[in-house]
Amino acid sequence: MANKLLSFYNLLSTVAGLVGWPYFFWHLKSRGQGESFLPRLGLRLPEGPLPTGAPRLWLHGVSVGEIQAAIPLVAELRTLLPKAAFIISTGTETGQMLARQHFSPQGALVCYFPLDIPRAVRRYLDYLRPQVFIGLESEIWPNFLSQAHQRGVRLALVNARLSDKSLRRFVNYKRYLSGIFNLYDLVAAGSLPDFQRFQRLGIARSRLHLTGNLKYDRLLQGRDESRLKEFRGFLEGTEPEPGKIGGPVWLAASTHPGEEELVADAFQELLGPYPALRLVLAPRHPQRAPDLARLLSRSGFSCQLWTELKSGRAAPTAPVVIIDTIGDLFTLYGAADVAFVGGSLVPHGGQNILEPAAWGRAPIYGPHLQNFRWARQILEEAGAGIVVKDAASLAQAVRDLLDQPVKREKMGRRAQAALIPHQGAARRQAELIAALARKVSAED
């Protein structure tokens, strides 16, 4: 990006920060949050001592999915760079919760990522002093990248993802943006379509690599059978008490507004042939759980919150369980008999349809999978994905799998087997990052 354009962008981002902070504050408070407000504006620096060791690696993942994907990557980096110090940042409070839970006990400094406002970025870089910055998936922040580059920070974008929509927008301004994209010393694309899209942006071939997707590694390596048994106990109950629910479990996962109504309609239809069917509803944003409880109550369904079952305060007596926690969804796929993955019946772009596949569950999903076309292709080539378009087809797909357990099992095995050839992305990406970090050490 030309200097004049970058200066104009910095002016706009500063004005946006000054004018837009009330909306940002309201947005957080409306979700029952607010902890990230001051840190992201650069008004509060990360708490706690900086981690010791070298090189100092700053890894950023915006939310829960990226932080989960980072787990095998950080494990590989610790093997390759045993003296490295780690800073882990997130953009969301849900992601922050998971990062603290997993990485803080390992000695990493966990913090929020600043908004792309010049002063906020400057304060964070002055304080954290990273030697290598690692962004996951789609972290293109012109001001941050420019300031970090000027300070000699090596920049890596791994598990790199670029949607068709973003590509079209960036291509229109390619002559201005190619300089920003080429600030990255390393771009490790998560799939062949992403690799090809980054090529079209003019990223130097020496910087661009095709490594595969971290989420493949996390999925098959991250299954915890003891946790699965525990979750099944929460859903089924460990004692045959009167009034306790039993029967098949349908998980509707990562749902968005506009989808829950369709799921409720499909569930109502399925209760005819399967009166003991249980619906486990996991909204993309768990803080929506109270709203969904009211929605389902209006449809005539009694509900229980997952935290009530998980804590042992209640036995599973309601036909609907609403998930109101972070970090449990992946294991819940294994506890379900049938899984629908949301964000796909509405034009959101989809969610990760490979998570149920890792547990041997052939996923059901809608047509809006623009952000996961690579995953859809893998599953459908294996004959292990089911596309639906509305409540009626959703109910029919769930019923077909429940009616035919042999078919359900075979499709599940095909879904799981489709992931196996794609293992090793975490190691490949870690080796590229380690090579970049060693260049920093050699220069020092």
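Colleague: Among contacts in the protein chain with a separation of 6 or more, what share comes from residues 24 or more positions apart?

Modeller: Contact here means heavy atoms within 4.5 Å. This is a predicted model, where local features need pLDDT of at least 70, side-chain atom pairs count only at pLDDT 80 or more, and totals for chains, interfaces and linings use all residues. Residues are numbered from 1 along each chain as its sequence is written, and side-chain values use heavy atoms, leaving out hydrogens and water. For contacts with a separation of 6 or more, the share from residues 24 or more positions apart is 69%.

Colleague: Thanks! What percentage of the 444 residues is buried?

Modeller: A residue is buried when its relative accessible area is under 20% (1.4 Å probe, protein chains only). Of the 444 residues in the protein chain, the buried ones make up 53%.

Colleague: How do helices α5 and α6 pack, roughly parallel or oblique?

Modeller: Helix α5 spans residues 118–128 and helix α6 residues 142–150, and their axes (lines fitted to C-alpha atoms over the stretch in contact) lie 10 Å apart at an angle of about 40°. Angles under 35 degrees count as roughly parallel, over 145 as roughly antiparallel, 65 to 115 as roughly perpendicular and the rest as oblique. That is why α5 is, relative to α6, oblique.

Colleague: Which residues of α6 make the contact with α5?

Modeller: From α5, the contact takes in Pro118, Val121, Arg122 and Leu125. Facing these four names, the α6 side of the contact is made by Asn143, Phe144, Gln147 and Ala148.

Methods:
Axes fitted to C-alpha atoms, helices over the stretch in contact; angles between N-to-C directions. Helix = DSSP H or I, 4+ residues; strand = E, 2+ residues; numbered from the N terminus. Buried < 20%, exposed > 50% of the residue type's maximum accessible area, 1.4 Å probe, protein only.
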